[in-house]
Amino acid sequence: MISDSIIVMAAGASTRMKNSNSQKKINNDQKRIANSKSKVLIEFGNKSKPFISFLISNIINSGFKNVYIVIPANSEDFQNYFTKKIKKDLKIKINFSFQLVSEKRPKPLGTADAIYQTIQQFPELKLKSFCVCNGDNLYSISSLKRIRLSKFNYVFIAYDRDGLEFSERKISSFSLIQLDEENCLVDIIEKPSAGQISKFVDKNGKIRINMNLLKFGAKSSFDYFKECPLNNKRNEKEITDVILNIKKNDQNNFHGITVFEHVPDLTCKSDILVITKYLE
């Protein structure tokens, strides 16, 4: 089922970015934003464009028509910055959803909650399939197009670890997945340990990584996000648990599209130098 809608998750607290060590070669504007604002607003390139603008450009060029960006509540700074730096150059409507945070919590409730709140705020998403991606990963046009055009109701890009060229430490910040011979999901683990990474090898000797470039079918998806349990280990509601519940209860299952490529990831200040070089 082709999807023309995508939810971009950009409401995280950017804690690891703010707490990471500075690099001397990072320019003052990049350092200032990295320490005080959303990391997806860090500027790159000759035109000083925020990181998320490169992602949005790839999303548009892959054929998506409806973009929903999840941002923190009361984030006028984000919206103003977005309007001035990005929106004026785009030929597509950008919708903002707000991930509200309970007074009892110091940070958002997790990725599944971000999607649930977005669907609540934009009910049309209950009636059609939609894709999901992280705001701090620069996915290729090719992979965005493949997920959008996939015939499956539930599908994700299954990245080859070797193609990502990430350290074991960075790999452990994503989800580790196992696929069967038909590329259907067998198991998924959020933020795996070093020991778990070495055991998740498929029939081709490959380790597959989920970086939250996914597609969900209409109607039933809302209920899965609504009923997502609180992950006891992380005290958050994770998309990983939504995926596992769909695998358990839905006959359509989750399918993986295997891809071998690098995906620029903006997590820590050290990533700024890598992405600067990538975007040169």
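**Working chat: burial, pairing and contacts in a predicted model**

Me: Is Lys145 buried, exposed or partly exposed, and what is its relative accessibility?
Reply: Lys145 counts as partly exposed, at 36% relative accessibility. Buried means under 20% relative accessible area, exposed over 50%, and partly exposed in between, with a 1.4 Å probe and protein chains only.

Me: What should be kept in mind about the source of these values?
Reply: This is a predicted model, in which local features need pLDDT of at least 70 and side-chain atom pairs count only at pLDDT 80 or more, while totals for chains, interfaces and linings use all residues. Residues are numbered from 1 along each chain as its sequence is written, and side-chain values use heavy atoms, with hydrogens and water left out.

Me: Where is Lys145 found?
Reply: Lys145 is found in helix 6, residues 141–149. Helices (H or I, at least four residues) and strands (E, at least two) are DSSP runs, numbered from the N terminus.

Me: Where is Ser140, and which residues does Ser140 touch?
Reply: Ser140 lies in the loop between strand 6 (130–134) and helix 6. Not counting residues up to four places away in sequence, Ser140 touches Asn58 and Glu261, where contact means heavy atoms within 4.5 Å.

Me: What joins the side chains of Ser140 and Glu261?
Reply: A polar contact of 2.9 Å joins them. A polar contact is a pair of N or O atoms within 3.5 Å; within protein, one must be able to donate a hydrogen and the other to accept it, and residues adjacent in sequence count only if both atoms are side-chain atoms.

Me: Asn58 belongs to helix 3. How many residues of that helix are buried?
Reply: Eight of the 11 residues in helix 3 (residues 51–61) are buried, and the helix is mostly covered. Among the buried residues are Phe51, Phe54, Leu55 and Asn58. Gly63, which follows helix 3, has a positive phi, near 110°.

Me: Turning to strand 7, which residues are buried on each side?
Reply: Val155, Ile157 and Tyr159 are buried on one side, and Phe156, Ala158 and Asp160 on the other. Six of the six residues of strand 7 (residues 155–160) are buried.

Me: Which strands are joined to strand 7, and how do they run?
Reply: Five bridges join strand 7 to strand 10 (residues 208–216), and these two run antiparallel. Another five join strand 7 to strand 11 (residues 255–259), in a parallel arrangement. Two strands pair if DSSP finds at least two bridges between them.

Me: Which residues stand opposite Ala158 and Tyr159?
Reply: Ala158 stands opposite Asn210 in strand 10, and Tyr159 stands opposite Val259 in strand 11.

Me: How many disulfides does a search of the whole structure find?
Reply: The search finds zero disulfides, a disulfide being a pair of cysteine sulfur atoms within 2.5 Å. For Cys228, the nearest cysteine sulfur is that of Cys133, 19 Å away. Cys228 is buried, with a relative accessible area of 3%.

Me: Finally, which residues does Phe122 touch?
Reply: Not counting residues up to four places away in sequence, Phe122 touches Tyr68, Asn95, Phe96 and Ser97. Phe122 is buried, at 15% relative accessible area.
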